Amino acid sequence: MDRILAIKVFLTVAETGSFTATAERLDLSKPMVSRAVALLEDWFKARLLQRTTRKVSLTEAGEQALEYCRKMTDLTDDIEQDFLARSGELSGTLRIAANPSFGGTHLLRALQDFMDIHPKLNIQLQLSNQKVDLIESRIDLALRFTNNVELGLVARRLNQIHSLIVATPDYLARHGMPATPHDLAHHRYLAHANVNQKTWRFFRDGKETVLELTSPFSVNDSNALLNCVLSNGGIAMLPKYMINEHLTEGRLKPVLTDWTLPVYSLYALYLTRHRLPLAVRSLLDFLAERFENEDW
């Protein structure tokens, strides 16, 4: 086993406090983890870890070794990034997180084009309506719609996300066109459980209208909400990136267009600017250029 791998194993053990968790994270056997630690202890001529039945902790020598190993890892990363930058070739694995409605469409197509340019790069796309912990899930880049970026994350704004109130022409022919937001109380309005299940906000002439509505149907997935609207199920608020094609082809019709709805920003979020991997930086630039002029 080479020392570079042994250092990576040691750093992971120090982070997780567990040989078992390290083996699972690095896809190694527990004996290989033990051999890596033994190699470093032989190299440093000191016991680096204190092992008990419950946990693994660093000795005083282990604390010093941890600092040295981090410096060596940083230097190795710098060398690798320098050569990758010169060759223009990206490799390794990127873990990306996004919601299903955007991640499974616009982001997916962008990632496929990015991988065509960099065929040696592997991408793992994690789609979920739940906000993932970037550290715990080892996510390199998360795309989110928000106006409040959580502390501890670096954010790069990619675009704005607008929404529209829409329904099918058949539904509107049967139930009529609402003229004001208050008319929604007389319609079958459908809601996203995590966004606007009860409170809908409208803006016009600098004034805000807030409606507290109890929807007869809510769902926690935007694709399901869109399908419900398309099947003449009612009126719903949906992001433009999901419905532009349906609007163009006449399957959906916007209503209450004299009112403005809340606008969110699409952010790419990551943990730190320090030693940002070249693959992450390249993907960030690619997505920024790809998405900046989209009509969302």
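Start by selecting helix α7 (residues 222–230) and helix α8 (residues 240–248): their axes come within 11 Å and cross at roughly 25°. That makes α7 roughly parallel to α8, a label for angles under 35 degrees; over 145 is roughly antiparallel, 65 to 115 roughly perpendicular and the rest oblique. Axes are lines fitted to C-alpha atoms, for helices over the stretch in contact, and angles run from 0 to 180 degrees between N-to-C directions. Helices (H or I, at least four residues) and strands (E, at least two) are DSSP runs, numbered from the N terminus.

Before moving on, note that this is a predicted model: local features need pLDDT of at least 70, side-chain atom pairs count only at pLDDT 80 or more, and totals for chains, interfaces and linings use all residues. Residues are numbered from 1 along each chain as its sequence is written, and side-chain values use heavy atoms, leaving out hydrogens and water.

**Stay with α7 and α8**

Show the side chains. Ser 222, Asn 223, Leu 226 and Leu 230 of α7 make the contact with Met 242, Ile 243 and His 246 of α8. Contact means heavy atoms within 4.5 Å. By class, there are four nonpolar, three polar and no charged residues here. Ala, Val, Leu, Ile, Met, Phe, Trp, Tyr, Cys and Pro count as nonpolar, Asp, Glu, Lys and Arg as charged, and the others, Gly among them, as polar.

**Next, α1 and α2**

Select residues 3–16 for helix α1 and residues 19–26 for helix α2. Their axes come within 8 Å and cross at roughly 125°. That makes α1 oblique to α2. Which residues of α1 and α2 make the contact? From α1 come Lys 8, Val 9, Thr 12, Val 13, Glu 15 and Thr 16; from α2 come Phe 19, Ala 21, Thr 22, Arg 25 and Leu 26. They divide into five nonpolar, three polar and three charged.

**A stop in α4**

Find Lys 71 and Glu 67 in helix α4 (residues 60–87). They lie four residues apart, about one turn of the helix. Their side chains meet in a salt bridge (3.7 Å, N to O). The term asks for a side-chain nitrogen of Lys or Arg within 4 Å of a carboxyl oxygen of Asp or Glu. The structure holds 10 salt bridges.

**Now the sheet**

Look for an open sheet of five strands, in the order β4-β3-β5-β14-β6, with mixed pairing. Two strands pair if DSSP finds at least two bridges between them. Which strands stand at the edges? They are β4 (121–127) and β6 (154–161), each with a single partner strand, so one side of each is left without a neighbour in the sheet. Neighbouring strands are turned by 20° against each other on average, direction ignored.

Zoom in on β6 and strand β14 (residues 264–270). They pair in the antiparallel sense over seven bridges. Asn 159 stands opposite Leu 266 in β14.

Bring in α5. This helix packs on the sheet, touching β3 (92–98), β4, β5 (141–146) and β14. Its direction makes about 175° with that of β4. Then show α9, which touches β3, β4, β5, β6 and β14. Its direction makes about 20° with that of β6.

**Last, α5 against α9**

Select α5 (residues 100–117) and α9 (residues 278–291): the axes come within 11 Å and cross at roughly 120°. That makes α5 oblique to α9. Among the contact residues are Phe 102 and Phe 114 of α5 and Phe 286 and Phe 291 of α9. By class, this contact has 11 nonpolar, two polar and three charged residues.
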